[in-house]
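Let's take a look at a protein together. Here are its sequence and its model.

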Amino acid sequence: MSNYHIKHLEEYYQVYRKSIREPENFWEEVAEEHFMWRKKWDNVLSWDFSKPEIKWFEGAELNITENCIDRHLATRGDKTAILFEPNSPDEPSEHITYNQLHKRVNKFANVLKQQGIKKGDRVCIYVPMIPELAISVLACARIGAIHSVVFAGFSSTALATRINDSDCKMVITADGSYRGAKTIDLKGIVDDALEQCPDVKTVLVAKRIHSDIKMKEGRDQWLQPLLDAAPDECKAEIMDAEDPLFILYTSGSTGKPKGMVHTTAGYMVYTAYTFKNVFQYRENDVYWCTADIGWITGHSYIVYGPLANGATTVMFEGVPSYPDFGRFWQIVEKHNVNQFYTAPTAIRALAKQGVELVEKYDLSSLKVLGSVGEPINEEAWHWYNDVVGKNKSPIVDSWWQTETGGIMITPIPFVTPTKPTYATLPFIGIQPALLDESGEELKGNQVEGRLCIKFPWPSIARTIWGNHERYKETYFSAYENKYFTGDGAMRDEVGYYRITGRVDDVIIVSGHNLGTAPIEDAINEHPAVAESAIVGFPHDIKGSALYGYITLTNPGESRDHNNLRKEINQLISDRIGPIAKLDKIQFTQGLPKTRSGKIMRRILRKIASKDTSNLGDTSTLLNPEVVQDIMDNAL
Ligand code: PRX
């Protein structure tokens, strides 16, 4: 039996049991059979969650790009590695074979070296979904530079914070990007950001929209001429198993974004292994994940996981609504997509458009339908299953996080019977636990609690860049000897998990994690604002939307509230990005607070959700009178 590819339920249980009883033997076998190592490990795993310190495959040497590219060249050189589908359906798609990818990554790696980038340096990648994004990621990995991809929808302030937090020396960007019918001036955003980033010495600019942009002498360079002049071969840097591969920022409930650090070997093994099984990928399949490489889903399941398996991975530049809401299905038909991986927010938006745009296209190539990023509601699940999957393509509701690196709880298609809204069973090697508020583990089934993981898996993030203490505090301090996910979950009568959502102040809007604190900080910068509190409320497409309660410094002053709302949203857009804008803004006399001065968000959440029949215990409130006022004026 090969442990690498699970094909039926009995096998799942068998492999799962082995992965729990003998995790080291299990992962060693997977690592040995399926990857290319320059040197094997001395020790499979050492860990201590109290420090926390986790090391997988210690002593091993490798380069992840040799695993994702070079080792496929002999057998898959002419196979399409990356299938680029542009924003506009009128522009031709581009098939980049493994041979071509090899050449392009090597050339790019040589450019990085020529520009003085060395192993361990941080490079910020702020590039839209064009091939250069995947190629620059791989080029960094080729030479051992640590990539920090920042989603090209973030504002200049958000970009600057991320560049400075990890001391990036270089920024890779594009002149601009296409987003449906719009273009975005990416280079202008980078220029603004770099006013606050004195350590960035070089900016490489890919040409995409051919806009007339300013290039700063001595700092900015067009990418293409450098690539044209660079040699085709670049020796892969030999990396230690635990050398950092990348940093990726995720929002915390408080404070600045956390730069999650992923290391090389464990991340590679786990993303490759999950990709193969969770999507049941077969040699000639065409796989498409609609995420952006700016998020972890794109890192693990557009770039590294698929390429480590020699797969064909689609990269789509555009949006689901352009030129119309049939675009996803048109792409599925055009490229005979076999596995399709998207987010519930997209499914809900598409479902709203009715079935005609789905039925217009031949979707018979589809075999597996994935969902990720937030809980999928029952209605969306059924629509996806029935209308898109025609009841024959299993829905893979995969739960995981930036911090986990790879998929953690998920059905395996054609193996695990699915159940609407349930992420079902832990993946191989994953040991979840549900805990009550006092930290007791809830044993048995039909229980609900806080979701923790009891044992390390190969792709767990190893630290927060520059702040190991915060890593410990955020993930390993709530419950002794366990990784705390920040999510709540229930386990049903057969042991299936259903993720119920965040139990902290992170709100997931359209699948994007947003911490309340940075948004409140942005709002509070407005001179008219005294204080603010953000909560989520149910939204039929976004899943959750943001509701802001804001008190003004001078409530008596007559002001145009609609103008003020616009100014506040503009401020949020400038500081964080348009994704963090508030759907509703209520100006209030005060915010409900406990005697210790903490805002009672529970009450605000209930009011925003129009669920005010029982507000729970309000006896500890310092100012109960504001609650009635807020309720009376709720939006
Ligand atoms: O709350 C969970 C939710 O998304 C959070 C992680 O967000 P992020 O780090 O941005 O990574 C998203 C892509 C992996 C989780 O803590 N989440 C993710 N997938 C699911 C989910 N909630 C319910 N069901 C899911 N399938």
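What percentage of the 635 residues in the protein is made up of buried residues? Buried residues account for 61% of them, where buried means under 20% relative accessible area with a 1.4 Å probe, protein chains only.

## What you're looking at

This is a predicted model, where local features need pLDDT of at least 70 and side-chain atom pairs count only at pLDDT 80 or more, while totals for chains, interfaces and linings use all residues. Residues are numbered from 1 along each chain as its sequence is written, and side-chain values use heavy atoms, with hydrogens and water left out.

## Overall build

You'll find 20 helices and 30 strands here; these are DSSP runs, with helices being H or I of at least four residues and strands E of at least two. The protein's radius of gyration, taken over C-alpha atoms, is 24 Å, close to the 26 Å from the globule rule for 635 residues, so the protein is as compact as a globular protein of that length. That rule is 2.2 Å times the number of residues to the power 0.38.

Along the principal axes, the C-alpha trace spans about 75 × 65 × 55 Å.

## Domains and contacts

An automatic or database assignment sets the domain bounds: domain 1 covers 9–319 + 398–476, domain 2 covers 332–372 + 380–397, and domain 3 covers 506–632. The centres of domain 1 and domain 2, taken over C-alpha atoms, are 25 Å apart.

Contact means heavy atoms within 4.5 Å. By that rule, 32 residues of domain 1 touch 21 residues of domain 2.

Key: Buried < 20%, exposed > 50% of the residue type's maximum accessible area, 1.4 Å probe, protein only.
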